[in-house]
Amino acid sequence: MAIDSHMHINSMVLNDEKKYIDLINQNSDIESVINVGLNLKTSQESIDISQSHSKFYSSIGVHPLYIDSQNLEELYELARHPKVVAIGEIGLDNTNSNLEEQRKYFLKQIIIANELHLPIIIHSNNSNKVVIDIFKRYEHPQYGCVFHCFQPDLEDLKYLESMGYYISFAGRITYKTAKKSIEVARMVPNELFLVETDSPYIAPEPLRGTINETANIKYIMEKLMEIKDVDYQEMEKITTENTKRLFKKML
Ligand SMILES: [Zn+2]
């Protein structure tokens, strides 16, 4: 069975959330999922879903593109819930110019994660160097982190490896244009990568352009099996063990 380490079931673009929850509950190939919040509202919704569905875990946080007037005290309290396994997705996104404000939110949430002994899930859009600089100069995640949808760069990978940080692969690894991601996948040690769908976004080949769902994790795993030259069982074992090693509150 597989774990989808990053998805958004209560995303604003899905208008039939219940249908997608049922599909996961009924899918015997899926062990569990981490449903990621983007702000306080979607984080609270994620916790509500995790509370009533055993396969669901929550990561809660304020995404850099959703930072306006979000109350981080409230986030701190929510994060104590037993099914909250991480803080995220948090980070930096250079498609918006409010980078100073984004840095403040990011740093405060790293501190919250450290105080609560939780790992973080990082969203970094063309910002890996700045994220790494924040870690080096101010505060780094003391209970681990994963760069979700890692944007391929071998130098960044070297630093992450030296810190024992994880990267995760999503649908993009299946695209024809993914040459650099494939190179990174080849280089990353087997004990430092996760898989995710980031559903409902970025559907993998051969379903590119459709609404993505957790069942599609198999296409991402199949691509990685080819790159890493392992069979399906081995790929499941590697990614499940890695996910549970990072997100210690998962059962
Ligand atoms: Zn996401």
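In what order do the eight strands of the open sheet stand, and is their pairing parallel or antiparallel? The order is β1-β2-β3-β4-β5-β6-β7-β8, and the pairing is parallel. Here helices (H or I, at least four residues) and strands (E, at least two) are DSSP runs, numbered from the N terminus, and two strands pair if DSSP finds at least two bridges between them. β1 and β8 stand at the edges with a single partner strand each, so one side of each has no neighbour in the sheet. On average, and with direction ignored, neighbouring strands are turned by 25° against each other.

This is a predicted model, in which local features need pLDDT of at least 70 and side-chain atom pairs count only at pLDDT 80 or more, while totals for chains, interfaces and linings use all residues. Residues are numbered from 1 along each chain as its sequence is written.

**The whole chain**

Of its 251 residues, 45% count as buried; a residue is buried if 20 or more other C-beta atoms, placed from the backbone, lie within 10 Å of its own, exposed if 12 or fewer, and partly exposed in between.

**Strands β1, β2 and β3**

Select β2 (30-36), where five of the seven residues are buried. On one side, β1 and β2 pair over four bridges in the parallel sense; aspartate 4 has valine 33 in β2 as its bridge partner. β2 and β3 are also joined by four bridges in the parallel sense, and isoleucine 34 has tyrosine 57 in β3 as its bridge partner.

**Strands β6 and β7**

Move to β6 (residues 145-147), which pairs with β7 in the parallel sense over two bridges. Phenylalanine 147 stands opposite isoleucine 167 in β7. Next, select helix α4 (residues 99-115), which packs on the sheet and touches β4 and β5 (120-125). The direction of α4 makes about 160° with that of β4; axes are lines fitted to C-alpha atoms, for helices over the stretch in contact, and angles run from 0 to 180 degrees between N-to-C directions.

**Helix α2**

Select residues 40-52, the 13 residues of helix α2. Which residues of α2 are buried? They are Thr42, Ser43, Ser46, Ile47 and Ser50. These residues lie on the same side of α2, because they cover an arc of only 145° around the axis, the arc being that of the directions from the helix axis to the C-beta atoms. They pack against β2, β3 (56-60), α3 (72-78) and β4 (84-93); two residues are in contact if their C-beta atoms, placed from the backbone, lie within 7 Å.

**Helices α8 and α9**

Select helix α8 (residues 217-228), which has twelve residues. Its buried residues are Ile217, Tyr219, Ile220, Met221, Lys223 and Leu224. The elements that cover them include β1 (2-7), β7 (166-169), α7 (179-187), β8 (193-195) and α9 (232-246). Aspartate 229 follows α8 and has a positive phi, near 55°. Finally, select α9, which lies across β1, β2, β6, β7 and β8 and runs at about 50° to β1.

Technical notes:
The expected span of a helix is 1.5 Å times one less than its number of residues.
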